[in-house]
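Biologist: I'm new to this one, so please walk me through it in plain words.

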Amino acid sequence: MSEPTGTFLAESTPVPQEWLRTVLQLLPVGVVIVDTGGRLLAANAAASELWGQDALARMQLENFGGFEAYWPGTGKRLRGEDWAVFRTLKSRQTVSNEEVDIVGKDGARRTILNSSAPLYSGEGRLVGAVNINVDITERKATERAEFFVSEASRLLAESLDWETTLKAVARLATLEWADYCMVDVLGPDGALHRLALSAKDPRKQSLLDQTLHFPPKIGSDTPLGRAFARGKPVLVSDITPQWLDAVSLSPEHHHLLEALAPRSSMLLPLAVGRRRFGIINLVSASPARRYTKRDLDYATEFARRAALAVESARLYREAREALRERDASAAMLESFFAASPVGMGFVNQELRYVQLNKVIAENNGIPLEKHLGLTPRELMGPAGGPIEDLLRQVLESEVAVVDTPVDYVAGPEPRTFLATYFPVRSGTELLGVGGVVREITEQRRMETHLRFLTDATTRLATSLDWRTTVRNVAELVVAQLADYCLVDMLGEDGQHLERVERRARNGRLQAQLEKSMPYAPQPGAQTLLRKVLETGRAELVTEVDESAMRAFAVDDMHREVLEGLQPRSVMVVPLMARGRTLGIVSAATCSPTRRFSTRDLSQLEDLAWRAALAVDNARLYRQAEQAVAARDEFVAVATHELRTPLSALHLQLSSLQRTVDKLASDESERLGQGLQGALRQADRLTRLVAHLFDVARLGTGQMALELGAVELSSLVHALVARMEEALATAGCVAVVHADAPVVALADRPRVEQVLMNLLTNAMKYAPGLPVELYVEREGDTAVIAVRDWGPGIPLEARERVFERFARNTGEHARASLGLGLYISRQLARAHGGDLFVEAPPEGGPGSRFVLHLPRWKKPSGTAPD
């Protein structure tokens, strides 16, 4: 059913309804008319707004006990027969202006003046009663609040003993405004301590006293902790079980709070400015009393006055104590400030200088006395901004900042200081910020210089092309030192200069710089650049004037180009390496305020020295490359030319062998032995030439492979059969472990060449011992392993044996060029595989050479075998 908007009249009302509705409509107070049984006959909108339509509809004498209401001051709940209308109906007497705290519509707590009078018919018969309700909630709250604030202010103003005063205020609060009052103040240890506890009901005082065991904690995530931290009042209009759970510190504390039964609370921080030194907690335990926003406004005013009174008393007390210590402390502080080798100062809460030493004044370049009373920004303008920001950060957070770099950009050159700022307190009061400052400009410049050289060394080492190196030099100079840079290099004749690089900070300068390219000073030119080239000594022109421009210019046209560049300060350094001058580097700044110093010149000389070494290394590397290419070409030609006469020699020896075989046995045997020796040496020489030829082809990148599907198990079996005679001569037995076919993508003759090299090594270094060969699959890799039972290869030598011309020690060292394993590994890698040596996995003597080759994959769409 919807709420009535005007007069509500029951159908049985024994008076003219239209007249009654009009009268009730005009009344600003709640009017309820009931019959002799207490049932509703009529009610106006004000009554419906106060009680709610559901409550009015339930009105009858036997239900009066269900309406929630309390006698003010005692908190005692009204019984049904206590209601004024009930008494009027029973005694036919008028009841006027009784104060009652009710719980009305939607649970709202209100204070009303409740009046009731009997209602008679024209014949004098009692037909009901009229109940008048005047809402005085706001008026009563205002009266109580104003009385309390006024009386509390009087108490606070009368005494400088703030502890005693706050205890009196707590008692006053429980008389007029709260059921419980608790006052916590900040102690010297930085924690809150309970100063006063007062309960309106003496029977609850002992319970309240037990809360001393559960003091509030600063920084805790509780309503009281948050209110203190923020310094703003908090209204808890309705304390719920969930709220009790949040503030309880333990089950015992929770049980204690339930026994106290708080219903509403106001948390009032004691604060003056940024300083917070306590908190007052006002609590209502009355079911009919809920604090409102209006209550909080009065309470906030009271807390403000209390805080001012406490602050005044505290300052008075501390002033008396400070007077005794001030003179000695001031004298000691003055001496310490004056003798300190670093900057020291102190600013108050407004960030204004109060005290500082001469080092701070010298750092700022401003007389000491001019600092006093000013903030850094007022004193130094924008340059003081970073300092003021750090000071404010420390003041607001009360946390020190240690060794923080601060850049001071005022003056001819930027300067860097290392600052430590810390909060200064007197007891718990924050007075301001102290600071210790030391200059680290030179240290920072040295660090920057070292980082620059490290970066330069790294970049210069990235290329063995001298032109790339020169370009990196110009980029580094422009990035770190100058507005533009030129690099001139000596030509092959050692006399003429070629301008090989130019780099500028922006497009306009770069376009002008391009015009200077033809003007590298040549022999005989009387210019500063030529002087540096010929003497090998760097030159610094701090300020470019008319005479300096004449010293730079090659001719009049060059002079016009230079004037377009507008150099203000110039450095010219030689590029020297290993006693030779390779060229010169020129750097210039166009800034009206930037001037190069000897420190800048030293930095550029360091860079030029590293650059010259890099350029010279690039030159030597190029020469070495050319020498290696010439050597490889010679070896390729020589081995190619040797193969023809060796082939002819081999054929002739073979022909002689056939002729000798036809001679008589005695003569044949003697000549045959000689021919056999010659054939063996020819075979060995042929193999050596073949190895050299392979090395030459590998070095020149001419080694080509004809890849195809190669079944490795059959290849190994066939190779062992072909080398059976050589194996028997060496006393070696070859054991092949190849039970399944393994197909590799490979060049068959080259794979055979690798395996022949491995078997030859096994026969050479492990004669009379078996050789084992394994053919396996590992994922997408085909594996051939050759294991011998010889002396083995030490771990530290396992990579060295694959180098060119690397030979083992022992009796076979002279019989080899040390190329077999090198060629074998290069062939394996040319296939996309590898070759390495390891100790036998099962243990024992010898070595295990492992060849990896990619497995062959059938083309997509090919029918399965």
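Modeller: A word on naming before anything else: helices (H or I, at least four residues) and strands (E, at least two) are DSSP runs, numbered from the N terminus. This is a predicted model, in which local features need pLDDT of at least 70 and side-chain atom pairs count only at pLDDT 80 or more, while totals for chains, interfaces and linings use all residues. Residues are numbered from 1 along each chain as its sequence is written, and side-chain values use heavy atoms, with hydrogens and water left out.

Biologist: OK, how many helices and strands does the protein have?

Modeller: The protein has 27 helices and 29 strands. Of its 865 residues, 45% are buried, where buried means under 20% relative accessible area, exposed over 50%, and partly exposed in between (1.4 Å probe, protein chains only).

Biologist: Which residues line the second largest pocket nearest its centre?

Modeller: Asp179, Lys200, Ser284, Ser286 and Arg289 lie nearest the centre, out of 38 lining residues. The volume of this second largest pocket is about 890 Å³. On a 1 Å grid over the protein atoms alone, a pocket is an open set of points with protein on both sides within 12 Å along at least five of seven lines, a cavity is a set where a 1.4 Å probe fits but cannot get out, and lining residues have an atom within 4 Å of a point. Grid points are joined across faces, edges and corners, and a volume is the space filled by probe spheres set on the points.

Biologist: And which helix gives the largest share of that pocket's lining?

Modeller: Helix α5 does, with five residues of the lining of the second largest pocket. Strands β5 (95-103) and β6 (109-120), together with helices α5 (137-157) and α6 (162-176), each supply at least two residues to that lining.

Biologist: What about cavities, how many are there of 30 Å³ or more?

Modeller: There are three cavities of 30 Å³ or more, and the largest cavity has a volume of about 220 Å³. Of the 18 residues lining the largest cavity, Tyr353, Ile360, Ile387, Tyr421 and Val437 are the closest to its centre. Strand β17 gives the most to this lining, with four residues.

Biologist: Tyr421, then: how far in space is Leu391 from Tyr421?

Modeller: Leu391 and Tyr421 are 6.8 Å apart, C-alpha to C-alpha, although they are 30 residues apart in sequence. Leu391 lies in helix α15 and counts as buried because its relative accessible area is 4%.

Biologist: Changing topic, how many salt bridges are in the whole structure?

Modeller: The search finds 42 salt bridges, each being a side-chain nitrogen of Lys or Arg within 4 Å of a carboxyl oxygen of Asp or Glu. Asp616, for instance, meets Arg580 in a salt bridge at 3.4 Å, N to O. That pair links distant parts of the chain, since Asp616 is in helix α22 (residues 598-660) and Arg580 in strand β22 (residues 580-589), 36 residues apart. The side chain of Asp616 also meets that of Arg619 in a salt bridge (2.4 Å, N to O), and both residues lie in helix α22, three residues apart, about one turn of the helix.

Biologist: Is Asp616 buried or exposed?

Modeller: Asp616 is buried because its relative accessibility is 1%, whereas Arg580 is partly exposed at 39% and Arg619 is partly exposed at 22%.

Biologist: Which residues are linked in a network of salt bridges?

Modeller: Arg377, Glu388, Asp389 and Arg392 are linked in such a network.
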